[in-house]
Every structure is written in C-alpha cells, then in structure tokens.
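I am opening a new page for this structure. I start with the overall build and then follow one residue.

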Amino acid sequence: MNSQRPVNIVMIEDDEGHARLIEKNIRRAGINNQVTHFTDGGSALAYLMDDSDGPARNGPALILLDLNLPDMSGTDILARVKGDGPLKATPVIVLTTTDDKQEVA
C-alpha cells in the first residue's frame, strides 16, 4: 500500500491568462494533481507557511512561482520558502515573461 500523499501544485501567478495556460499544459501532460492558484504573494505565503491545509503542515508541494507579483517580489517568496524552515526542500519552478537579462539570471 502506498502511503505517500499526492503532491499539491501551488501556482503563484497574477496573470489569469498565464495561469489558465499553465494549468492547461499541466493537464495536457496528464498530470491530475490538485492545483492551488494564488494571484498575490501575501496570500500564497500565508497558505504555504501557516494554513492547516498548506504544505508546511500538510505534506509535499511543487511551487510554480511568477517573479512579478502585484504585492511583492517572487524572489522574496523564494527566499522565505528556501529559508531554514519546513519548505526548504520544496521544489520551486520560477516562471517569468521578462526578457530582462539580470532578472533571468
């Protein structure tokens, strides 16, 4: 019997069109995991770190992170997640539509 919990995909993306496209491609790839979508960093961090259903308290996650959010920088969220805490081993895929070479680096 497999006792592993399914991985919750946490998408932090403020552009609804981009979010729909990302989820469509996830589904097209045959991935049926739950996708929990946030459009701002504050509510995403609250869910990730503090929510009783969130990954810090309730199991594994994969984070899809936009760097350009309305309330905070994606790099700030990345620093919090990868800091010394329960999510530091959580994989994060950074998403951006920028062509700014410094930001991409």
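**Layout of the chain**

I read the elements of the protein from the N terminus on, and they run β-α-β-α-α-β-α-β-α. My tally of the secondary structure is five helices and four strands. I note that this is a predicted model.

**Overall figures**

I looked up burial next: the protein has 105 residues, and 30% of them count as buried. The accessible surface of the protein comes to about 6,500 Å². Carbon and sulfur atoms hold 49% of that surface. I then took the contacts in the protein with a separation of 6 or more, and 68% of them are between residues 24 or more positions apart.

**Strands β1 and β2**

I turned to strand β1, residues 8–12, and strand β2, residues 35–38. They pair in the parallel sense, over four bridges. Between the two strands the chain passes through helix α1, residues 16–28, and this β-α-β crossover is right-handed. I also checked I12 in the pairing, and its bridge partner in β2 is F38.

**Residue S43**

I looked for S43 and found its place in helix α2, which covers residues 41–49.

Last, I checked S43 against I12, which lies 31 residues away along the chain. Their C-alpha atoms are separated by 9.4 Å. I12 is the residue I had already noted as bridged to F38 in β2.

Conventions:
Residues numbered from 1 in each chain as written. Predicted model: local features only at pLDDT ≥ 70, side-chain atom pairs only at ≥ 80, totals over all residues. Heavy atoms only, no water. Buried < 20%, exposed > 50% of the residue type's maximum accessible area, 1.4 Å probe, protein only. Contact = heavy atoms within 4.5 Å. Areas by Shrake-Rupley, 256 points an atom, 1.4 Å probe, with all protein chains shown as cover. Pairing = 2+ DSSP bridges. Right-handed = clockwise from strand over helix to strand, strands pointing away.
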